[in-house]
Amino acid sequence: MTANSDRLNEARAVWDAEAAVFDEQPDHGLHDPRVRTAWINLLKTVLPPAPATVLDIGCGTGSLSLVLAELSYAVTGIDYSPKMIAAAEAKVTAAQLAVTFEIMDAAFPQLPPQQFDVVMCRHVLWTLPEQQQVLQRWANLLKPGGKMLLVEGRWFTGAGLRASEVMAVLPPAITTVSVRDLSDQPDLWGGPISDERFALIATL
């Protein structure tokens, strides 16, 4: 087996096992109205107006995909965990909304180029190898003038990415970058945090 196959099999096993309890984290399930509202407000301020097309990479149980669909965006969500995707599909079905979900490797999304106005990823990039190449593949999915929204952080464990590390590997076609500090916004996370969290918005 290749190293990438090993990575994918390990990731699928981990996240399939997590699917049943994933939404217990406040920023995953968005059950708390304050947390949900905080994410809605963040998305509204950094994304182009609906009905822009959005690719939610590593969508997990689809909480942000659902929020975007509620805001009238045209959403596609991808994740390599079948159980995560099943949970996401159940959410949008219950809400009687339309989101396209596909089981797919975040590092190698098999989608037509220049298809999306926004490529969005939350807390996934740091887990992937060859991040510079991954970001180039994601940029290839954007229409001219499209945006990447990358929500990442450097955790108290020492894992993760700093904003400067992400900026250093952005594709050359990125023309504008802004970084928003999210560490001091407890409503996003369900309470105060002590590590680094940020949103990086890059325009193609």
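Helices (DSSP runs of H or I, at least four residues) and strands (DSSP runs of E, at least two residues) are numbered from the N terminus. The model is a predicted one, in which local features need pLDDT of at least 70 and side-chain atom pairs count only at pLDDT 80 or more, whereas totals for chains, interfaces and linings use all residues. Residue numbers start from 1 along each chain as its sequence is written, and side-chain values use heavy atoms, with hydrogens and water left out.

Strand 2, spanning residues 74-79, and strand 3, spanning residues 100-103, pair in the parallel sense over 4 bridges, pairing being assigned if DSSP finds at least two bridges between two strands. Within this pair, T76 stands opposite T100 of strand 3. Together with helix 5 (residues 82-94), strands 2 and 3 make a β-α-β unit that is right-handed, a term used if, with the strands pointing away from the viewer, the path from the first strand over the helix to the second runs clockwise.

Backbone geometry in the loops was also examined. In the loop between helix 3 (33-46) and strand 1 (53-57) lies P51, which is joined to A50 by a cis peptide bond with an omega of about 10 degrees. The loop between helix 2 (26-29) and helix 3 contains L30, a residue other than glycine whose phi is positive, near 55 degrees. L30 counts as buried because its relative accessibility is 3%, where buried means under 20% relative accessible area, exposed over 50% and partly exposed in between (1.4 Å probe, protein chains only). A positive phi of about 50 degrees is likewise found at E130, which is not a glycine; E130 lies in the loop between strand 4 (116-122) and helix 6 (131-140).
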